[in-house]
Each structure stands twice: as structure tokens, then as C-alpha cells.
Amino acid sequence: MKKWFFISSLLLLFLFGRAQEESALKIYGALSTDQRVTTSVDSGWIWNETRLDLKLEKKVNRGKFYANLWARNFGVPKYNEMGSLFSTEKIDPFNIQLREAYFQVDDFLVENLDLKIGRQRIAWGTADKMNPTDNLNPLDMEDIFDLGRRRGSDAINLTYYLKGDFSIQGVWIPFFQPANLPAGVFAGALMPSFDIPEDSTMNLMEVRINQPNIHINKPKLQSTFGFRLKGIIKSVDFSVSYLYGVNGIPELTEIEATPSVNIYPWYVNVDVDVQLSYFRNHIFGIDFSTNIFGLGFWGEAAIIKPDEDIRLKIIENQIVSTIDPTITDSLILDKDKPYVKWILGTDYHFSRGGYINFQWMHGFFHERGQSELNDYFFLQFNQPFFNGQLSVTPLSGSFIINSWKELKDNYALVYMPEITYNPIPEVGITLSYIWMKGKGAGIFSAIQDYDMFVIKAKYSF
Amino acid sequence: MKKLTAILLAILFSLGLGYQGYAQTGTEILKKLDQVMFSAKDLSAKNKIIITSKSGKQEVRESTVIQKGQEMRLFRFTSPASQAGIAMLSLPNDVMYIYMPAFGKERRIASSVKTQKFAGTDFSYDDMQAQPFSDKYNAKLIETTDKHYVLELTPKAKSEYSKIIAKIHKTEYYPISTDFYNQKNEKIKETAYTFEKVGKYWSPTEIIMFDLKKGSKTQIQMIQPKYDQGLSDDEFTIRKLIN
């Protein structure tokens, strides 16, 4: 299928590329660095990224070619064992990513039908960065603070522009691309925790749990497709969408714990096998944005219906192998019980240049099932000075509520003030501090020990 | 009797016409200014934007602009690199969209943005919006000289300005200067226009906006304006904004 996809892409490029008037190839992008150092624990320098973000664009009279490449030095050198000194990848981690590479043909076959084929970002939804209806591309969660970042998908994307302000879009993504999970010290942010049951015999003695062996089941059906109708009615921009595809974040479906007794010293050693599986969903989306009394308003809702029941099986083998294991099998997501993720937002521009933005989101990217969805409040206020040369963001952060009933033990606070200085229009230098505090489960509670200073610099060319 | 009535009506009608041509109202002058400003069916041009700070430091930006009729305009930055690709679409009924390439999608702009400075220039979003003056302001003729009409414009809707004093060329009806007053009746901005005849149209080859409080100024120079190219309404759509 992959082969077919690329052959057809090349064929279309050949057929439609020749007859078109050409313009010069534009090469532009940015060189940036992102450095973070923690203040809370001994981890020190926890983020080192130098990124060459290169964009190539060539417009023709009925379309364009576009590519976006990241060449990065990403990660701090790892040299805790002798072998790593022989590995450039470990002491000087470098990678290249093809974020997007597509070509577009306008008025393809018929007037007002645009074709976009290749690796592309297909952004749905009207909210800022966090879009419950934006599910075509795999999440790129590498940087937990770059919310809503997604990678490009290898897709065929057709948009037909109807008369007036309406358009219909159809997208087909032939292969499944999983989400990439948080990197570095943030790797534990989304990891589910597992408690040994209270009545387990393992609780009778000291337990040492080994690093789990994680197995991943591939999805049965790889492709994703979606449709979207977009339009404007009486100064309200809206869209309705449907998507049938695989969720890029796997679900925990099986845990098998196998204990064995270590005689001296005396403790129980537990091997854990974990099974992760990908599942398909039907996602019905709706979004809107409008303007009332000078305020911008937007909202999105995604009704997510699992394609099948998702169950978690826990197998607890006994120390004495002749005793039958204890098996519990619970329903995590019922295919007949769809759940709704949503977001509402507003923004306002003050006459002196200040900008405030507030969003209330119900259900983070990785949360599933109505009872598991948490509330996230995001607030940002930015004030530029000296003609935009200096930009101060004294208010930026989020308040997360995991349980309204037990609020004092189930919340998280993230505060991220930021200041950006642009000595010349092409250069921006940003200094910020990220402070986190939380209780209970939740992604920001899980990483709250990593308060950090962030220094970023970017040169655009 | 019927004949006499017809003659009287003819006399009154001709007097009326003669009177209107001789002493126009502020509203009529403003409408004529709009006719000059938006006389072409469409326009496409490149802009050079020079921002000069109080200390004399200069920044240069470049953009393209296309415009059709009185209320459709698509403005796109082409430099500097940090802003290249950012585009603004202005449509009838006060609708504005902005496209930020980094997000890959358009966004309807809250109307509160109109009082803000447009992309670090001394122009506000409101100043950049394609909309006839006569739609936005009531006009009163306050002075007539040999060469100019001077109008006092007061906003019809909520605005950052309490009034604008506009000096208008007496025979060609293009603006020569505009002075902007805030709600405290302080003069906060001044604009100076340079018009040249391009083909059959008066074309604003340079507009300079002075911010009197900050001491900065922004020059917008229009380069190679092309009129009546037959631009379609389809050029002023979200489809074109995002591509």
C-alpha cells in the first residue's frame, strides 16, 4: 500500500507539474535553540535542542510544492557507560525529520477542487492549539509544553469549494502513524500507574518491581479517513466533521505480574509484562468561532465513540506456581457509551496592544472515557512594548482540576511567565520560567518536580 | 396651468442642481473622496513599509496587497522572514481573518483588534481595513479654502477616535492629510498622503502615518500598482488566504 501511495504521488506530480507556470523556489525558515535547566531536582540541564527549521516552497499557477524539514541536535549527551563514548548518536544526539512534504494542485480535474498529496499537517478546529476535533495527524508530545503539536501525515486531501462560503473536505491517510510520547524527563507524564491489589499475597513482604516488558499490538486496520464541511452562517464560522481512525496513543489492555522469591536478601521480585493496544474511534466533531462585542469566541466538541469495547485484563500469577493466577477483567471503554471532549475560548485585544486569551478544555489529548476527562483552564495575557520589540507575558499558565469533589487533593497549577526581546525583527530571545504544583494523578502533577528556566533564541531567515 | 407648473419645476430643479454643485455638504465631499479612493474595480500592488522610531532607527517590511471594490482586501507580508506569510483578509460587514503560517489555519479576528497597531506599524487594524470613509464616519464641512475642503469626521460606531480632521483636494477629491483625535480630544496621529495619477486613477503612492505620542512614523509606499486587472471575488476567500 505504501508503494502504491508513493507511485501515485509521483505520477500525479508528473502529470500536473509539467504544464504549470513556475516561480522561483523559496527557501526560508528559522534556526532556533531551546535550553532548559531545572531548579527543583538534581537533573540540571534537562532540555537541549538546536533546530534548523527549513522550508521549501515553489508556487505554480495552479498549486504549489511545499516541504518542511527539521534538522536537530536534540537531547543532552549520554555517556554513563563506556560504550556510549563510541556512539556519536549518544554523545551528540542528532536527528532529521521530514515534517511535511506535499504538493498541491488547485482546480484538480474540476474547478474549485484542490488536491493536496503527500506528508501534510491537516489542522481542524477553531480553538488555540488545543483542538478536540483535530485528530487526523499524530500527536507530537515530545515537548509537553508545546501543546497541540502534531506531525504531518502521509495523506490524500481533497477540498471542494462550494459557491459562497462553504467547502467540503475529504482526507484519506493510508497508514497508521502513532503519537510520539513525551521525551526526556517528561517521559513519565503519561505513564499509567498500577497499584498491587490490597489483598494480594505480594503485600506480605518487600516487593521489587522490575522494569516492565512492554508489548504493543498493532491496529487491525491501518487507514484513517475523514470528512469536513466548513462554512459561514451569519458571521459565525463553523464546521462539522467525521473521522474514522486509530487513536495514536495506545491503551493499556493487559498487565501480567509474575512474582518470584529472592531468598537472600528476602524479598519478592516481580516481573511485569504490559500489553498496549491501539484502537479505532468514530469521532464526530463540531466547531465554531465568532465575534461578539469585540470579543472573539470559539468552541469545539468531539463526540468520540470507540469502535470496540476496550478491556483491561490483570493477571496476577502466584508465588506458588501450582496455585491458579488471579485474573481480573474490567471494561475500560464501552463502545456503546460515547464520550465528549470540548473546549470553549475567548480573547480580547486591548487598545494599548495587550492581548488576553482564556480557554476551558474538558478532556486532554490522552484522556478517554467520560469519567476520566479532566478540566483544564488556560489563561494568557501578553503586553508588547517598544513597538513590539519587547513582549511581556506576565500571566500564562493553566489550572487543572482532576476532581471537583476532592479539589484540594486533585489539581495542578502551571505558571509560565515569559519575556521576549527582539533586538532585530529577525531575532527573538525568550526567557521564561515554568513552575508546577499539583496533587493526585495528572500529567503536570507527575512532572511537578521539574520546575525550570527556559531560554530560547530564534533567527528567522 | 400645467405648462406653468412644469416651467416652475424645471427652474427649481435647475436651481437645486446649481446650488448642490456650488456648496456641497460634508457627506457629499466624503462620498466623492470614497469614489476616488475606491474608483478602480480592483488593485494589486507591492508595498514597502518603513517604520521609523523616535530615535531614527528604521525597519523595513514588504508586503503584497490586492483589493477589489470598496470592501475586499488581501494583505500579505513578504518580509522580514519572521513575519513573511502572515496575511490579513478584509471582507464586507466588518469581517477580518488573519492567517499565521505557523498554525496552518485561518482565524477570524476579534473586532477589539481594530484599535491595535497593525503588525508593529503606526497604522491600526482599523486604518488597514478596506472600508469607505462614508460608511464609518459622519462628515461636516468646517472649512473651504482655494485648494482644500476641510471635513470633521465623527465615527458612526464605537471607535478609538473621537474625530478626524481631513483635508481634501478641492478638485480631485483625494485626501491630503488626516489628523486623528482620541476620546480626550487630543491629536494623537497625523497622516500625509501623496497621490499620483496612474492611468485614469489617482493612486496613493505614499502614505505616512505619524504617531504624535510616540514620535514614530510609518511610511507605506505603493510600488507598481496595477488597476482593473479583472480580479475575481474568488481571490478574496479563505481558500486564497491560506494558500
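This is a predicted model: local features need pLDDT of at least 70, side-chain atom pairs count only at pLDDT 80 or more; totals for chains, interfaces and linings use all residues.
View 1. The contact draws 44 residues from chain A and 28 residues from chain B, where contact means heavy atoms within 4.5 Å.

**View 2. The fold of chain A.** Look here for three helices and 25 strands, which are DSSP runs (helices H or I, at least four residues; strands E, at least two). The radius of gyration of chain A is 25 Å, close to the 23 Å from the globule rule for 461 residues, so chain A is as compact as a globular protein of that length. That radius is taken over C-alpha atoms, and the rule is 2.2 Å times the number of residues to the power 0.38. The C-alpha trace of chain A spans about 80 × 55 × 50 Å along its principal axes.

**View 3. Inside chain A.** Of the 461 residues in chain A, 48% are buried, meaning under 20% relative accessible area (1.4 Å probe, protein chains only).

**Notes.** Residues are numbered from 1 along each chain as its sequence is written, and chains are lettered from A in the order in which they are written. Local features need pLDDT of at least 70 and side-chain atom pairs 80 or more, while totals for chains, interfaces and linings use all residues; side-chain values use heavy atoms, leaving out hydrogens and water.

Methods: Buried means under 20% relative accessible area, exposed over 50%, partly exposed in between (1.4 Å probe, protein chains only).
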